Amino acid sequence: MRIFKKISVLLMVFTVLLNISTFGQTLNVGEISAEPGERTDGFIIVPEGSDGEEVKIPLTVINGANKGPVLALTAAIHGYEYPPVIAFQRLITMIDPKQVSGALIFVHVANIPSFLKRTIYYGPHDWKNLNRVFPGKEDGTMSERIAFQITKEVIDQCDYLIDNHCGDGNEDLMPYLYCPQIGDANIDKVTKMMAENYGLPLAINEKGRPTDIKESVYAGNTAIVRGKPAITIESGKLGRTDEIDIKRVVTGTLNIMKVLNMIKGEPEIKAKPVWVQKYTIIRSEKTGIFYPLVSRADHVQKGQLIGYLTDFFGKRIQEARAPYDGIVLYIVATPPMSPGEPMASIGQF
Ligand SMILES: [Zn+2]
């Protein structure tokens with residue numbers, strides 16, 4: 001049974017692999033260069049612009065000794081999301097380039113200004129959300145310049161992308177992933193295969209992401225509109241580095257390497273993910289203090305009060321209610337709230 005499953009997955013991957021390069025040569029990313037069978041650490045330089053000096057994004061390239069696809073992995077596009085950063089530190093020492101078919105590009109801390117200044121959602125130079133400005137601009141603001149370099153150096157050079165996130169510093173989040181489906185049968189099949197084999201308990205069937213290559217908005221979507229299957233992982237919460245959230249990323253990354261035949265072995269999966277067909281982000285209308293009434297992964301009923309906002313004098317000014325029966329994907333669990341910001345995300349099965 002397992003052999004048949006593996007063969008069918010490989011065939012599926014192969015149909016998409018037909019139009020991509022199999023790697024087995026020097027790989028140059030940013031300032032660094034890795035020969036087959038070699039691991040190299042270094043940086044992508046983001047040049048200075050009107051709002052700030054040059055910054056350096058740390059990355060590792062593991063160029064396998066054998067031919068295969070290029071898998072790119074990004075962490076900390078939101079700089080307060082830590083478990084993937086720690087997971088990458090482990091993965092780069094666990095993976096032996098001699099045993100790898102293809103290559104890996106690990107972007108350790110994509111949003112280095114946000115990481116070092118400890119900001120949530122937004123970069124400290126331009127107060128833009130890096131995961132809303134892809135594919136970026138070469139001469140834009142800091143977030144746009146970072147997006148441009150990641151698109152050019154990483155996404156344009158890969159065949160598959162896993163963009164790693166978690167609940168931001170304020171978000172109590174359950175583990176899940178976004179599986180975009182764009183209406184291209186080949187790409188959708190492989191993206192879904194990645195989603196099913198990563199090992200997370202819940203997957204969102206994501207439709208309706210932008211299709212314009214010049215306005216791809218999200219990192220994962222930037223890969224997809226360029227014909228490269230991509231999933232976005234959420235594992236972790238509230239600015240913490242819990243072992244369980246780190247391990248999930250380590251195991252999931254190795255699982256995807258296995259189904260792409262980059263290393264030997266079968267993915268470690270307890271169960272296929274439960275699929276969420278729709279989700280709604282409930283947003284704040286006002287400034288104030290937020291009081292959550294539910295936790296991540298709680299099941300909620302339509303109309304249930306899941307949190308409320310008060311003004312600075314304790315008067316209730318907005319109620320957040322579940323739009324349908326569903327599950328709490330995340331809820332903000334710290335007090336500050338500004339207009340337009342998410343209070344919670346509810347998924348529907
Ligand atoms: Zn994020």
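Below are worked exercises on a predicted model.

**Exercise 1. Characterise the largest pocket: its volume, its central residues and its lining.**

Solution. 
- Step 1: start with the volume. The largest pocket holds about 510 Å³.
- Step 2: find the centre. The lining has 25 residues, and His78, Asn129, Arg132, Ile281 and Tyr330 are the closest to the pocket centre.
- Step 3: assign secondary structure. Strands S8 (171-173), S9 (176-180), S11 (230-234) and S13 (278-283) are the elements that give two or more residues to this lining. S13 supplies the largest share, three residues.
- Step 4: sort by class. The lining of the largest pocket splits into 11 nonpolar, five polar and nine charged residues.
- Step 5: check the domains. Domain 1 (2-274) and domain 2 (278-348) each contribute at least three residues to the lining of the largest pocket.

**Exercise 2. Repeat the analysis for the second largest pocket, and state which element gives the largest share of its lining.**

Solution. 
- Step 1: 17 residues line the second largest pocket, and the closest to its centre are Gly199, Leu200, Arg248, Glu268 and Lys270.
- Step 2: helix H7 (residues 243-259) gives the largest share, six residues.
- Step 3: the class count for this second lining is eight nonpolar, four polar and five charged residues.

**Exercise 3. Is threonine 74 buried or exposed, and which side chain does its own side chain meet in a polar contact?**

Solution. 
- Step 1: locate the residue. Threonine 74 sits in strand S5 (residues 66-75).
- Step 2: apply the cut-off. Buried means under 20% relative accessible area. Threonine 74 has 1%, so threonine 74 is buried.
- Step 3: look for the polar partner. The side chains of threonine 74 and aspartate 163 are joined by a polar contact of 2.7 Å.
- Step 4: list the other contacts. Beyond neighbours within four places in sequence, threonine 74 is in contact with several residues, among them Phe88, Val107, Ile150, Leu161 and Ile162. Asp163 is also one of these contacts, as is Asn164.

**Exercise 4. Classify serine 50 by accessibility, then give its C-alpha distance to glycine 140.**

Solution. 
- Step 1: serine 50 belongs to the loop between strand S3 (38-46) and strand S4 (55-63).
- Step 2: exposed means over 50%. Serine 50 reaches 79% relative accessibility, so serine 50 counts as exposed.
- Step 3: compare sequence with space. Serine 50 and glycine 140 are 90 residues apart in sequence, and their C-alpha atoms are 8.3 Å apart.

**Exercise 5. Inspect the backbone: what is the peptide geometry from phenylalanine 134 to proline 135, and what phi do tryptophan 127 and leucine 238 have?**

Solution. 
- Step 1: read omega. The value is near 5° for the bond from phenylalanine 134 to proline 135, and this peptide bond is cis. Proline 135 is in the loop between helix H3 (112-117) and helix H4 (142-155).
- Step 2: take tryptophan 127. Its phi is positive, about 55°, although tryptophan 127 is not a glycine. Tryptophan 127 lies in the loop between H3 and H4. Its relative accessibility is 54%, so tryptophan 127 counts as exposed.
- Step 3: take leucine 238. Its phi is also positive, at about 55°, and leucine 238 is not a glycine. The loop between S11 and H7 holds leucine 238.
- Step 4: classify leucine 238. Leucine 238 has 24% relative accessibility, so leucine 238 counts as partly exposed.

Technical notes:
Residues numbered from 1 in each chain as written. Predicted model: local features only at pLDDT ≥ 70, side-chain atom pairs only at ≥ 80, totals over all residues. Heavy atoms only, no water. 1 Å grid on protein atoms, 1.4 Å probe; cavity = no way out; pocket = protein on both sides within 12 Å on 5 of 7 lines; lining within 4 Å. Points joined across faces, edges and corners; volume = space filled by probe spheres on them. Helix = DSSP H or I, 4+ residues; strand = E, 2+ residues; numbered from the N terminus. Nonpolar A, V, L, I, M, F, W, Y, C, P; charged D, E, K, R; others polar. Domains from an automatic or database assignment. Buried < 20%, exposed > 50% of the residue type's maximum accessible area, 1.4 Å probe, protein only. Polar contact = N/O pair within 3.5 Å; in protein donor to acceptor, adjacent residues only side chain to side chain. Contact = heavy atoms within 4.5 Å.
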